[in-house]
Amino acid sequence: MCDKNKWIFFLTLVVGVIFAGDKIAVATKVFGKAEVGRNNPVVYSMIKPGTILSDGDRVRTGSTGFVTVIFIDDKSALKIKENTELEITGILSATKINKQINIDIGTLRATVEKQKNTEFVIRTPTSVASVKGTDFWLISDPFTGDQLIGLEGTVNLLNLLTGVSIDVLAGYTGNSTIDGAVNDSETDEATIPDDPDEAEVESGSELRIYLEGPDGTQKVILIQYQ
Amino acid sequence: MNAQITGFIRRIITQYILPFSLVWGASSVDELYHKPIQTHPSGENIIITLSTVGNVLPIEGTVYYRTSTQHHFQEIPMRFQNAEWKGIIPGEQVVAPALEYLVILWMNETDVIAFPRENPFDTPYRIIITPKERTRQFPNRGKTLSYFDETVESNMMILSPEQGETLHRDQVVIAVSFFGVMELDPESIQIVIDEKDFTDQAEIGSGLISLVPKKLKPGNHIITVFAQNIHGMEMIPIKWNFNVVKYGLDITDKFVYDGSLSWYLSTEKVVGNVLNISEVTGKINGSLNWINTVSNFRMTTRETPYQQSYNRVSSTIKMGEYLTVFAGDFYPHLSSYLIAGRRIRGLGVSLSFPWLKLDIITGELNRAVQWRGDVNQGYTLNSMLTEVKEGGGYTYFLDRTGYTFTRKIDTYRLSLNYKSTFHFGLYFLKSADEPGSVSQRIPSEATFTVDTLATGITPGDYTFSEFQTALAAANGTLNFPSSKWSGGNPEDNLVIGFDTKTYFDQRQISAEFSWNLSLYNRNIWDGAMSRTEMDTTLDDSLDGLIGVQYDEHGLITGTPLMIDTTLILNPVAYEGIFTINPYMTPLVPFDYMSYEKHPIATIINMPSSAFHFRLNGRYPGNSFHLEYRQVGPEFVSFGNPYFTGNIREFTIGDRLTMLDHKLIINLNYKYQDNKILRSEIDPLRTYTFAFGVTLIPGQNVPSFTLNVHSINRNKDIDDFGDGMDMREQSRTSNALFSVNLPFEIVKTKNTLTINYNTVNNTDLLSERRHPGYIFPKTDTKTISVNITNRISPTLRTIFNAFQTEIFLPTAIGVATAIDNVKWRSMGFGIHYAMFNNKIRFMGNFSTLSSSDSAGLNFLNGKMGCEVDIWKNVRLRFAGNLQLNENHLDQTDEDETENEPENPSTSTWEMNTSGLQLSINYTF
């Protein structure tokens, strides 16, 4: 019985090594519940900051979860909000990664660096978004459809039912519904999701001096200057 | 302590001392032993050792050494320890390819012994310096590279943290990519934070360095990443800094904010009606480490007291992970059976812990609207009820219309979560109109029409005071009730329910169940009924018993329930929770007669209940869905008025993705009917089967989509007498084929999309219909073509055209025919950006025409321009115009026979037009 377990362990290790995907991204920020699923059948474990993601890894977040994922070839970033489930895939060439995100449900923000002869595609149950270099939010619901909110650049949004596609520009929201409709309209600011990791805008500049007492209490001297 | 030996000292030792020493030292050398070093790794200290065997004791020793690039020797004093003389050549001097050394030992003031014995300065020992073994020791990395150091660019990319970024102590992740960096030796990578080596804590490989450093102190930190190429050449290190703060304690933490402010102005003219709108909208987000706020507002000129509010003001405050407060206008979603999608103006609190969540919402669904602002939209004179009163004159009946009650809502939801594998939620909704929120008397400008049936008063539009004056003059009296107006009854609603969800197989399968019950009262003008009223309402006789029927002799008939009214709850006591009176639905939650025979079915099929069971599976490449849902015909929730009632449906579907998600196959089956109540004898059954296949091989290659729906409807009516034939046994076939073809012509990227869609309806009862029966379903056939062109990064165009054929069944006498109508449209749009995308023009032109007798023709044009007039300020200007062609019959008196009959001319008229201007500022 012991030998059998060893063989199973050995085979699992070998199979795991053979089928382990290429490393393509790293999780840099994690809040709340977030898990990564690997292997086949998929086994989920908690994502921690610094977790390296490989081709074929699945990421899912709980009701308070948030994960920032950065791709290693061009620093394109995915910010995955709560109640989201997706698969990250990437085909490596010598210097670039053809990236494809298969999102089943949820909300994400994609900040995509300019793609040179590579693909960045996000597939939902309803649509395919092809990206060249842009910043946008995607809210996907398999029962209603997709909402793509353009923040920068242009995203091509194609409906899988009808094959109709539109280019969603910055400041516009593209809708792709499960009944095949695709349209866009000017973005209502109130519909833009909140980014927990939003880059801040500050007035002026500041100098911070961090002091820590013997009990570990931290004090900060903040000097703001123009 | 080592010093460069001068040529003078070297000459003295060589020419004057060593020749004598050789004579003296002949016996001493045998008692001193040195084993020359042959090879040594670079960068590591070399220890030169001489062992003493006998009684010979030198008084001083020196090691002389030089690297292969040095002409002069350097000296290092030796020390006597444990019967050995030792001299250490420092590691930084030990560099490839070789190092030469010799040892001079002074036996006394004049005698020396040298190693090597013969001409030590001319033929010193030679050590081959080998490249250092790959260990994670980098003694040289701290030095500053000089101009003369041979280095190469590293091209490593910082992924995290950003330069100068402030991070919480538990969120520090250092990630550097060397993916695609040519000839970088991963083994040579060294990560230094604040001059401390963290390389051993890092994960290095596959083009990525990932490091989660343990316990970095708050403050500023400097990271340096060193690396060499595979030839051993040092790459230029990358260096950056970041700040670490303690979570939650740094109250002076950075307050960050952003937001936007927009002003929108539009004027629209639609068939002669002008509508001007001005709106100001804004959003501001602010956050500290532990608190986030999001505030939105919209102020619009569409706001009017005659309708529900168009203005919106809302604020969400999120404190950590545990508490969220919503204030103002917000759209909660607690359950689709409870509240989903309805705007609430009020307050919401969500308290969330890992195992428990409590949601409390209180506010208004509707605000009170007293009247609609138009004639007869506040008061209505019911002339038909005008009566002659005793003593002469008339009594007139005035009524109130055009109002909306304040509708209050309170909802609560308590959710339990066990290890994220089992969820249970219990919820409750109470919503009711406030009859007192609408006044009997409304503003004096409200007018109503007095028509000719109101005898005695001159017809016309009157305000209330004007009517009173007229009334006095006509010796009339007014009957104006203080409640129970015809404009609508106040209502009451109560919903309770629960939902549960659990997961299986690594959370890849979820199973959920929800059950809900509503109580609805469509008229609470009179409030709750008393026990006496309940007695007579439920069995017609006031006997203190419910469920007892009597015959004409006063004898009990049938099998009575005989429930003593004093033993059941007093509706008046529970009026604060729900108003129980004869207008409530259901009056009895379920059919107690049926309950005895089919208790489970009776409970499940309660007309005011709604429930579903849902199973979702989400595996890689395969997602399936199975659901049974039933909503009773009397289920009502004010929180979700759009809920479709009287429906029973079963759905099963599967979605397969293959070929790396490039081939997608959808299969779906749905059965639906409305036979929840036994009383429904002619239910409509619908069977829907859907199949779809999509192939999207990749970017810049054609993609194909085929979707087929088959919908069978069946409504059997055995005997419909002489009335309309309401039977239905039909099949609707819907097929859609789409091809998306990207292609490139002369550096112009284009996409051609062709869609073909048909809808065909078949009456399966056609052979059993009466002559002249028109099957009331319309077939359609649509083909559309879209071509999008990206001529340059700044110029894009789109061309589209479609034709829809509609086959409309019509009656010609007793015969039926198919009327064929075609709609055609063509359009062209352009988008052009200039001045580095700071100015963007948009234009669109399209036509729409029909082939029927009306011959409708429309021309549409839209133009717009967006200008980034400042860094964060955007100006947008747009206009639209629609013209339609009017055909005018020309009846010329002197028309001749040669001219066609009913010649017509046409004119083009402006149908709609509009201008929009907006300014958006983001900060």
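## Two asparagines with positive phi

In this predicted model, B:Asn376 sits in the loop that runs between β31 (356-366) and β32 (379-381) of chain B. Its phi is near 65°, a positive value in a residue other than glycine.

With 18 other C-beta atoms within 10 Å, B:Asn646 is partly exposed.

## Two cis peptide bonds

Most peptide bonds are trans. If you check omega along chain B, you will find a cis bond from B:Phe115 to B:Pro116, with omega near 0°. The proline here, B:Pro116, is in the loop between β10 (112-115) and β11 (125-130) of chain B.

Another cis peptide bond joins B:Thr585 and B:Pro586, where omega is about 0°. B:Pro586 lies in the loop that links β46 (584-585) with α4 (592-597) of chain B.

## A four-stranded sheet

Next, a look at one of the sheets. In chain B, 4 strands make up an open sheet with antiparallel pairing, in the order β2-β4-β8-β7. Which strands stand at the edges? They are β2 (32-33) and β7 (79-81) of chain B; each has a single partner strand, so one side of each is left without a neighbour in the sheet.

Within this sheet, strand β4 (residues 46-52) and strand β8 (residues 84-89) of chain B run antiparallel and are joined by 6 bridges. For a specific pair to display, take B:Thr49, whose bridge partner in β8(B) is B:Lys86.

## Chain B as a whole

Stepping back, chain B contains 5 helices and 61 strands. Of its 923 residues, 21% are buried. How far along the sequence do the contacts reach? Counting those between residues at least 6 apart in sequence, 58% join residues at least 24 apart.

## Where chain B meets chain A

The two chains touch as well: 63 residues of chain B are in contact with 54 residues of chain A. On the chain B side, the residues that touch chain A comprise 17 nonpolar, 34 polar and 12 charged ones.

Terms used
Residues are numbered from 1 along each chain as its sequence is written. Chains are lettered from A and ligands numbered from 1 in the order in which they are written. This is a predicted model: local features need pLDDT of at least 70, side-chain atom pairs count only at pLDDT 80 or more; totals for chains, interfaces and linings use all residues. A residue is buried if 20 or more other C-beta atoms lie within 10 Å of its own, exposed if 12 or fewer, and partly exposed in between; C-beta atoms are placed from the backbone. Two residues are in contact if their C-beta atoms, placed from the backbone, lie within 7 Å. Ala, Val, Leu, Ile, Met, Phe, Trp, Tyr, Cys and Pro count as nonpolar, Asp, Glu, Lys and Arg as charged, and the others, Gly among them, as polar. Two strands pair if DSSP finds at least two bridges between them.
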